[in-house]
Amino acid sequence: MAINRPALIALTALAPVSWGTTYAVTTQFLPPDRPLFTGLLRALPAGLLLLALARVLPRGAWWWKAAVLGALNIGAFFPLLFLSAYRLPGGMAAVVGSVGPLFVVGLSALLLGQRPTVRTLLAGVAAAFGVSLVVLRAAGALDAVGVLAALAATASMSTGTVLTKRWGRPDGVGPLALTGWQLTAGGLVIAPVALLVEGAPPALDGRAIGGYLYLALANTAVAYWLWFRGIGRLTATQVTFLGPLSPLTAAVVGWAALGQTLTPVQLAGMALAFGATAAGQLGVRPRPLTVAGSRQSFSFAEQNGRIDAMGLTDDSALRR
């Protein structure tokens, strides 16, 4: 069934909005200090579920391509952002991550020959500045390792974005299967790291099981499917500029459900970031989706304050 462009953008935007709820779910339902285990339970079960639904496995070169994309977009991104979130003061990891659209624009110019427009660059800067007003707090000196880890996380996801666009997807393979490949590969990368760093899985009560089910199904399997479905029909720039909705949603949920407050400066930052997100949707019309070897867009994903794709958060970033 055909879907108009505004509706497609709205559906795709549900993915980062969903990721913005991870902070509340993590702090209210899950065992503390287990971000890698949380990342593993988000990625691997969701990936296996989508593989079972799609019933399509990679073939030929797509075995290593899927592994590379899964490692960049999930497997490396999660632990790097986790490291940066623990070592940086409140919200700085989100600010570094919010420059992801600019990374994607630069890499697209380098690898795909897509020249960025002045409006796109200005919108990217405005989005990053708006997010910084919402989540950033001047608390303590910056840690060099944390900054490098945050930059590496952003670069990892941005590179995965551009490579996915460059490689397209195999003939006959839809976004459901492609999503399953990447989540499964990323989960397999995280599994040994989680075991080495955090040890055996913790005991889970009913509340924690419910939280993990939400993260694996709605927050990951459904959200990533909507995300990848959208990127097949929108430009890389359009999808990438939906990313700031994640930290903004985290702040709104913190205000509405967790009793946090929003200052006038934060509200101004939200307005600026929303405006930049809207401006990012006014770019060049997307080209028709093609298969392997074509240019298919992929986007920078979730970074909500110090809440990363593993469910880690910095209370000082979002607890106002």
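Reader: Where is R55 found?

Author: R55 lies in the loop between α3 and α4 (62-75). Please keep in mind throughout that this is a predicted model.

Reader: Why does R55 count as exposed?

Author: Its relative accessibility is 76%. The exposed class begins over 50%, so R55 counts as exposed at its 76%.

Reader: What is the phi of R55?

Author: Phi of R55 is near 55 degrees, which is a positive value in a residue that is not glycine.

Reader: Happy with that one. Now L36: why is it called buried?

Author: L36 has a relative accessible area of 1%. The cut-off for buried is under 20%, so L36, at 1%, is buried. Its place is in helix α3.

Reader: How far apart are L36 and E198 in sequence and in space?

Author: In sequence they are 162 residues apart, while their C-alpha atoms are 7.4 Å apart in space. A126 sits in helix α8 (residues 118-135), and it touches L272 and A276, leaving aside residues up to four places away in sequence.

Reader: What share of the contacts in the protein chain comes from residues 24 or more positions apart?

Author: Of the contacts with a separation of 6 or more, 90% are between residues 24 or more positions apart.

Reader: What makes α2 roughly antiparallel to α11?

Author: The axes of helix α2 (residues 22-29) and α11 come within 9 Å and cross at roughly 160 degrees. Angles over 145 count as roughly antiparallel, so an angle of roughly 160 degrees makes α2 roughly antiparallel to α11. Their crossing is left-handed.

Reader: Which residues of α2 and α11 meet?

Author: T22, V25, Q28 and F29 of α2 meet R207, A208, G211, Y214, L215 and N219 of α11. By class, the contact of α2 with α11 has five nonpolar, four polar and one charged residues.

Reader: And how do you know that α7 and α9 are oblique to each other?

Author: Helix α7 (residues 100-111) and helix α9 (residues 144-167) pack at about 45 degrees, with their axes 9 Å apart. That angle falls between the limits of under 35 degrees for roughly parallel and 65 to 115 for roughly perpendicular, and therefore α7 and α9 are oblique to each other. α7 passes α9 in a right-handed crossing. The residues in contact are G100, F103, V104, L107, S108 and L111 of α7 with L151, T154, A155, S158, T159, T161, V162 and R166 of α9. Seven of the contact residues are nonpolar, six are polar and one is charged.

Reader: How many residues does the largest nonpolar core have?

Author: That core has 30 residues, and I74, L183, I190 and W227 are those with the most contacts inside it. At least two residues of this core come from each of α1 (5-19), α3 (35-54), α5 (77-87), α9, α10 (175-198) and α11 (206-231). Another core lies apart from it, with twelve residues that include L51, A54, A66 and L69.

Reader: How many helices and strands does the protein chain have?

Author: The chain has 15 helices and zero strands. Of its 320 residues, 55% are buried.

Terms used. Residues are numbered from 1 along each chain as its sequence is written. This is a predicted model: local features need pLDDT of at least 70, side-chain atom pairs count only at pLDDT 80 or more; totals for chains, interfaces and linings use all residues. Side-chain values use heavy atoms; hydrogens and water are left out. Axes are lines fitted to C-alpha atoms, for helices over the stretch in contact, and angles run from 0 to 180 degrees between N-to-C directions. Helices (H or I, at least four residues) and strands (E, at least two) are DSSP runs, numbered from the N terminus. A crossing is left-handed if the near helix is turned anticlockwise from the far one by less than a right angle, and right-handed if clockwise. Contact means heavy atoms within 4.5 Å. Ala, Val, Leu, Ile, Met, Phe, Trp, Tyr, Cys and Pro count as nonpolar, Asp, Glu, Lys and Arg as charged, and the others, Gly among them, as polar. A nonpolar core is a set of buried Ala, Val, Leu, Ile, Met, Phe, Trp, Tyr and Cys residues joined through side-chain atoms within 4.5 Å. Buried means under 20% relative accessible area, exposed over 50%, partly exposed in between (1.4 Å probe, protein chains only).
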